Amino acid sequence: MEDLLEILEELHDDVDYETCTTLIDDKILDSFDIVTIVAEVNNVFDVQIPAEELIPENFNSAKALYALIERLEDE
Amino acid sequence: MQTNVLEYLESTVLKVPHKVAYANEEDVLTFQQVYDYARAIGSAIATYHYDKQPIVVYMKKHPNAISAFYGVVYSGNFYVPIDEEMPQYRIELIFQTLQPKMIICDEETQKHIQELNYQGHICLFEEMIQTPIHQETLTKIREKALDIDPLYIVFTSGSTGIPKGVVACHRSVIDYIENLSEVLQVTEGSVFGNQAPLYFDACLKELYPTLKFGATTYLVPKNLFMFPIQLIEFLNKHKINTICWVASALSLVSGLKTFDKIKPEYLHTIAFGSEVFPIKQYNEWKRVLPDARFINLYGPTEATGMSCYYEVKKEFALDDVIPIGKPFHNTEVLLLKEDNTLAKKDEIGEICIRGTAVTLGYYHNKEKTNEAFVQNPLNDAYSEIIYRTGDLARYNENHELIFVSRKDYQIKHMGHRIELGEIEQHVQMLEGITNACCIYDQEVEKIVLYYIGVKETKEVKAYLKGKLPRYMIPNVVRKLDDMPLTPNGKMNRRLLKEMYKESRRK
């Protein structure tokens, strides 16, 4: 989780990722951020987020995103 | 001879009144509705007797906003679209230049306007369309109108910190739309999927050919550009066959491996521009859509929209650049060297544009206008204005134009044109900051800000969010103890670039 928060904080250091659950709904993340996240997650976790997992629900909170990464790691 | 863009609407509404002109995921407007709304809005504005005034359209991205544009034109004035998400500070800067007498808003944006210190008329779209159409007045207004009258103003980044308003007239837009439509081969069957915001000239590519041919434009929800499978589903659902997107939007779709799961079913024309489209991503698109036409477009806002095109028909090596090709019909590119003579063979020169599509310059800004809109140095016999783009290019062996670089610190970031100087100006205005320098790392597409001062990076970023549109906010902010300087005492941008690249590798 720490590693993920670091990636996210590099994008927007004024967001409280521990509590925010509307990263997409409130337009905090944009398409550029998504691309960066996909690339960084690949670098750091060695996990490729497939296109079908690129849905708002997986990116609305750090928690959801981390759950996705864990799920993909298990596969 | 056509002298007003509304003639497109007036002839099309007779042919296909009930066809959908503009739509988003929820609402549609037929040509008849666009026609009726526009004339009602025109009639409402006409009661104020403004003549050739800027009228701000401050509405969310919606088919209604487009009909408001045409309504402003019916009233004998010109429209100025404003980004609904733009920080208040920037809107106020733009209003200082414009001094607009009227703002058209919707129920959502109305709240934001109340926060501005704005003294003019605030009109609500939903009320304006209830106005009875006064055709006689509108006809009288039209009789007086010339094709050299302004149609719109769009604002673009200015290196001094103040955005510049580019003024375009009807004749330039008609010239552009006629020639662009020919290149894109637009027909009544064209279904556009619009990506560009309505507050840039880029949306002209969909809005006006739709009027001219009785085609249809879907406004693609911005959110979908984060979720590429949903994006392609949207294209397929609405049978979208023509897109003119910034290259980064296309790259996003192919780069995230979307085509493994879903393919566009109806797309046959893909135009891209505003930035370099990497060959690797182009190849992906070509593989999935082997029969589609791919067209690279190039052009500055100051020449109405796009000025040059190149249809990709051959294969390129991965490290090749797709040419920007040749100018549209009725536009000429002069490639001028430093000494104002034409570049020969493979010499590099500045792209200077000649033709009807050259706009009227920057609103209330003679100084900046005179710097860029200049007498053709190759002609001292009569008055002839060309626009100096600041883009450097050369010809390849097939006499196709190849973009080389910028003359100054203007960049293209995710399709947006940005003056790094504008960002620096704002940082320097922040108390406790003594120096600031922005660089752009093309490779990873990041704007990097270096500064010296007592403020924390967090504070600087938060401050900028209140001053600049989102796409101009630096992606990386770093504090320095000393600013590296060149021997001449200027900020050493090259060294900063290397510093950033170095830190990225670690």
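In this predicted model, helix 1 (residues 2-11) of chain A packs against helix 2 (residues 31-45) of chain A at an angle of about 150°, and their axes lie 10 Å apart. Axes are lines fitted to C-alpha atoms, for helices over the stretch in contact, and angles run from 0 to 180 degrees between N-to-C directions. Helices are DSSP runs of H or I with at least four residues, strands are runs of E with at least two, and both are numbered from the N terminus.

The crossing of helix 1 of chain A with helix 2 of chain A is right-handed, that is, the near helix is turned clockwise from the far one by less than a right angle. From helix 1 of chain A, A:Asp3, A:Ile7 and A:Leu11 meet A:Asp33, A:Thr36, A:Ile37, A:Glu40 and A:Val44 of helix 2 of chain A; residues are in contact if their C-beta atoms, placed from the backbone, lie within 7 Å.

Chain A as a whole has four helices and zero strands, in the order α-α-α-α along the sequence. Its C-alpha trace spans about 30 × 25 × 20 Å along the principal axes. Among contacts in chain A with a separation of 6 or more, 61% join residues 24 or more positions apart. Of the 75 residues in chain A, 25% are buried, meaning that 20 or more other C-beta atoms lie within 10 Å of the residue's own.

Residues are numbered from 1 along each chain as its sequence is written, and chains are lettered from A and ligands numbered from 1 in the order in which they are written. Local features need pLDDT of at least 70 and side-chain atom pairs count only at pLDDT 80 or more, whereas totals for chains, interfaces and linings use all residues.

Key. Contact = placed C-beta atoms within 7 Å. Buried ≥ 20, exposed ≤ 12 C-beta atoms within 10 Å, placed from the backbone.
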